[in-house]
Amino acid sequence: MKKLIALIGLLFYSTLAFAQIWNGKIIDTKGNPVGDGELIINGRMDFTINRQGTFQFMYPSVGIQKIAFSRRGYKYLNFETQKDNLTLVVTVASTIVNSVKGRLIDKDNNPIANAKVILDGLNAVHTSTTNAKGQFAFKLNAEADQSQLGFIINGTSAREEEYQWDENSVTIKLQTLSARGDAMTAKNDNPPDKKPDNTKPEPKKVEQNIEKQVISVIVYDENKKHATNLHVSVNGVMHITDNQGTFTLTGASASENFNFVVEEKEIARITHNTNNVFIYLLKTFEPQIKKEVDEILKDTASIDYQQYDYEQDFNRVVNQLELKKQLLFEKSEHIRDEMDLINAKLRRSSSLSGEQKLELRTYLKNLEGALVKNDVAYEEAEGKMQIMVDKMKSTIYEKDSAYSDVKHRAEDAEGAAKVLKIELIIAVLLGIALLVFAIILYRQSKKLAEKSKEIEAQKVEIEHAYSNIKIISEIGQDITATLNFKELIQTVNDNLSTLMDATFFGVGVVNHDEGKIEFTDFTKNGKIKENHTELLTDSTKFSAWCVKQRKTILIGDVEKEYNKYIHSSDFALAANMPKSMIYMPLIAEDKVIGVITVQSNNRNAYKEIDVKILQTLDSYIAIAMANIASYQVIDNKNRHITDSIRYARTIQQAILPNTKELSAVFADHFVLYKPKDIVSGDVYWLDHIPVAELLPAEKAGGAMTFVAVVDCTGHGVPGGFMSMVANHLLSEIINVKHVYSPDIVLEALDFRVRETLKQYDKINDDGMDIALCQIRKMDNNQVKVTYAGARRPLYFLRKTTNTLDLLKSDRASIGGMHRKEHAFVKKELILDAGDYIYMHTDGLTDQNSPDMQKFSTKRLRDFLVNTSHLTITQQGEMLNKALADFMQAEEQRDDIAMVGIMV
């Protein structure tokens, strides 16, 4: 019996010890927090670190033996446990550099001078030449990760094991210098110390050195869009595409036999010319999705039930089940987070292909299955826990049965003694002995009954402790998920009464700037009282002492114990003051941000277990308050940014031709203008030049009207800036420089865009597509239309024949990089007054329907022919409705602009 009682007591206290919740934080070598990473403890406990670099975990019974940290730009150094405040501190080091200092030596540690060093692994080309001490240096345009950087020495890549990093300094020790020297001679005709010619080349006369030029590799996905942030291996060297799907190769010609391998993609075809290599992809592989789902499912296996000896294995089994439940709970949270990310990506799926959407939905469905399986395993673990409790009850029942059996035997013995006393006088002494024995058994039975009560009380206490742990975990999940302070207080208040006596409850926020503690929604008997504040300098307030000392206050009888914390003569005990109270500081990132208090009208209402419960809630509340503060900062910044962009939209709309201006020069027209975001990268442009303002040589043909539709690179804010550039340059070329021929206007626009964006000197591929028309009325009720286009066509419809025809554009865009100047071709068209012309951007024909069908050029042509009997204004209204019916609830994928004109 003593062994059973000791075992149950050990189970109770070991369960409480196992339930200790530790706080963890990730810091760098300077003590700054590092968030948004992944931490693995002992190879099993997997945590996603928040932006503040903090997390919480159940401390493993075997201790912390191994830690791994994963985040781009950081590497793990060491960890430290602080058992006094239950804190784990993990230190990591940054691998991000914005400059590189290096030294080049041979295998005998001698410096190598006059060697050409190229920094590999970046989108931009960085070169340097070592000095007499073998030293070189690079200053980067942006931050880079050491793990992505490599070095090319005189045309040959250095092996990773040949260089050693120390923060932003690197030492390269070449092991095969002679072999490299031969290779260098073969690849470099010019000596290493020859300085490059920095003279700016003429735009139309660029002499290329095939052996030293920079080759641009451009990757397109299955939708012929630029494939961004994609890993591509070239002859075993890894590169990453930028936001234009491009990376560069230095020191080799496009005629080399490159071996391209694209991560998780199939290559459909590869083409190249002197300056560029073009890679077209087929589709995304599915095994990665299966791998991710298998990774999530690997820890959700059901529990293997075994038969355990109750007295020897009960404590160990309960601990294992509790650990299993914790791991399963954390895994469920991870799966839900992953599902939220997939749903968010599907909602922003404008750039995804049909196959990619199908893969994401397949992944989401597999995650749902994984979540169900994980939750079933969690319920199975709870069932096993209940089995163990039932087994404990069964053991107690067996003990009670043994007691009853002994009692019945004692009664039988007493009866037998009476019978023997009457019938056998000679057995009186034996009867007395039996009676004494019966008395002894009776006393023993009373002791057994008392022990049974103790066991029952301990069992109730164990069940209560387990219930409290579960309630605290549920409260913690609820409050850390809220971003509203009032909801946080209400959630804690609704559940705290089940854990302890909380007649009064409140959370105060410390305002260090004003020197006060602000209590909002302070509650009494579950009802909210008026808000109030307490000064940090008030020596009569327990809250002020708690914040200043950063310590917990525990009072069982305020009349006897207040002087442990309050020494001011101004303090007075009020008649209605609570008798018991706990004050506890709320600490986040080593800063006191608030105080939490529970109070009771009963004396000695709180014990150490209540303090531990409140400490656990304190951690959750501190995290929730920090999250609320961060959310408010982010929300304010987002609101400010959005307001700025809306103002930019007002400016952009001001430069667009309005209905009055269009109606002044055209008999009828329509404009279909739908920006994808607040501001648009598409723009339509109008300029009317009266005869009086034309050059003398042009006056004979009458007034000129120019109209254009422009599709700039990108959309949103970047596209909006490019649209402003297009509007300004068109007005400058036509009105200031008096260039009137549309083909010459486009050539001038191409040069001015590349000059304005410095594309002759820098890597910049921004540009625009445009359809430009010059319209002049003739004397015979006809209209002459002169057109030139850069990748945007002109449609015209003759009313007499009801036929829709097309003037094709040149295939070159305006602006961009790695392209020689292009001569655009103008085309002239004679139309009757009343005929229609149309210009549009590709956003209209590329728009998807919910079933991933494009609006398409054919659908547009059929619409214009079928509605040709309507006025041009009615056509615009019908086209707007047809597009809305086609899209339904599908998200707009690009800016849309179309102009229809009756000439």
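Predicted model: local features only at pLDDT ≥ 70, side-chain atom pairs only at ≥ 80, totals over all residues.
What percentage of the 903 residues in the chain do buried residues make up? The figure is 44%, where buried means under 20% relative accessible area, exposed means over 50%, and partly exposed lies in between, with a 1.4 Å probe and protein chains only. Residues are numbered from 1 along each chain as its sequence is written, and side-chain values use heavy atoms, with hydrogens and water left out.

Let me turn to one helix, H15, which covers residues 857–866; helices here are DSSP runs of H or I with at least four residues, and strands are runs of E with at least two, numbered from the N terminus. Leu860, Phe863 and Leu864 of H15 are buried, and, seen down the helix axis, the buried residues fall within an arc of 95 degrees, taken from the directions from the axis to the C-beta atoms, so they line one face of H15. On the other side of H15, Lys858 and Asn866 are exposed.

Now to its neighbour, H16. In H15, Arg859, Leu860, Phe863 and Leu864 meet Gln875, Met878, Leu879, Ala882 and Phe886 of H16, a contact being heavy atoms within 4.5 Å. The two helices pack at an angle of about 145 degrees, with their axes 11 Å apart; the axes are lines fitted to C-alpha atoms over the stretch in contact, and angles run from 0 to 180 degrees between N-to-C directions.
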